[in-house]
Amino acid sequence: MIDLRSDTVTRPTAGMRRAMAEAEVGDDVYGEDPTVLELQERVAAMLGHEAALFTPTGSMANQLGLRLLARPGEEVLCDSQAHVVRAELGAHAAFGSVTTRTWSAPDGAFVASDVIGMAVPESSTHLVRTGVVAVENTHNFGGGTVQPLDELEKLAAWARESSVRLHLDGARLWNAAVATDTSPATYGRLFDAVSVCLSKGLGAPIGSLVAGPSDLVTGARWWRKRLGGGMRQVGMLAAAGLYALDHHVDRLAEDHARAAELARRLAEVTTGVSTPQTNILVLDLPEGGPVAADLVTAAHDSGVLVSLIGPRTIRLVTHLDVDDADCARAADVLCRLF
């Protein structure tokens, strides 16, 4: 099977497995795992922040950031397709006692004026105060959209003046950095808290980090433990992350090129094909064409796995475990089905 459902399906490479097996470990709840400490220090520096905390999942990293930035009773602003509001099971409300309001961004692209115009920086007895603005880069459900740096800079300048805090869901920030030849720190320094993921395109089996000022990361460590996320000899997993940072970041450009080639092939036979900026390709199927669910089933029967993310919308994601030949074969299958 050629699996294009997500870049989360990647498996550790042989070199990564060796690094995991040879990792020096300690008890991370005591803060004594040397490999975890190395990973946290390295990622914090890469993101332009003082400190970082290793977490088992991206959702936990996001929620720790939001929990430490938003006070109970405040609101988080994000777009309506953001992962933090659509795919984390209401954790911000269940654990953080915060509400959300959203703006519309069909392709995920961020426009600072959309947010600034709806925010409520000053509290009153009538309106909920905006505590945090959350931005996703790249944007998953928007189709791997890279957020414009100039718009993020406008947001950061306004937030400093308004005392509104900023969280970056950077699960695929590595893709944005590679696609634009921009350092992750250039994005990271604009935000009060940043999450990044190691288990998507980078191929690690597990792991994300949340970065920010030292006091925020200290608070995140407390909350990670409260939520059952304290981990012991987890250096083997941190070693996978270090290996991924050394070997799998620059190669993300290959995934981007393969997504672009898939888009080119599919655009020859159907409309509604997005132009991928990174490794995510979205197909909005035209009325009168194949039914999306039927197409997903037929592709599966022909050896290609793709995701159904809407009644007429399919997503394909290129990653470490699909090469040029796999993508060419997947394109052949899908073009035949169309």
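This is a predicted model: local features need pLDDT of at least 70, side-chain atom pairs count only at pLDDT 80 or more; totals for chains, interfaces and linings use all residues.
Strand S5 (residues 130-136) contributes the most to the lining of the second largest cavity, namely three residues. Strands here are DSSP runs of E with at least two residues, helices are runs of H or I with at least four, and both are numbered from the N terminus. A cavity is a set of points, on a 1 Å grid over the protein atoms alone, where a 1.4 Å probe fits but cannot get out, and lining residues have an atom within 4 Å of a point.

Residues are numbered from 1 along each chain as its sequence is written, and side-chain values use heavy atoms, with hydrogens and water left out.

The second largest cavity has a volume of about 40 Å³, a volume being the space filled by probe spheres set on the points, which are joined across faces, edges and corners. Among its lining residues are Asp79, Trp103, Ala134, Val135 and Glu136.

The peptide bond from Asn137 to Thr138 is cis, with omega near 0 degrees.

Let us turn to the largest cavity, of about 70 Å³. Helix H3 (58-69) and helix H5 (91-96) each supply at least two of its lining residues.

Finally, Ser97 is located in the loop between H5 and strand S4 (99-103). Its phi is near 55 degrees, a positive value in a residue other than glycine.

Technical notes: On a 1 Å grid over the protein atoms alone, a cavity is a set of points where a 1.4 Å probe fits but cannot get out, and a pocket is an open set with protein on both sides within 12 Å along at least five of seven lines; lining residues have an atom within 4 Å of a point.
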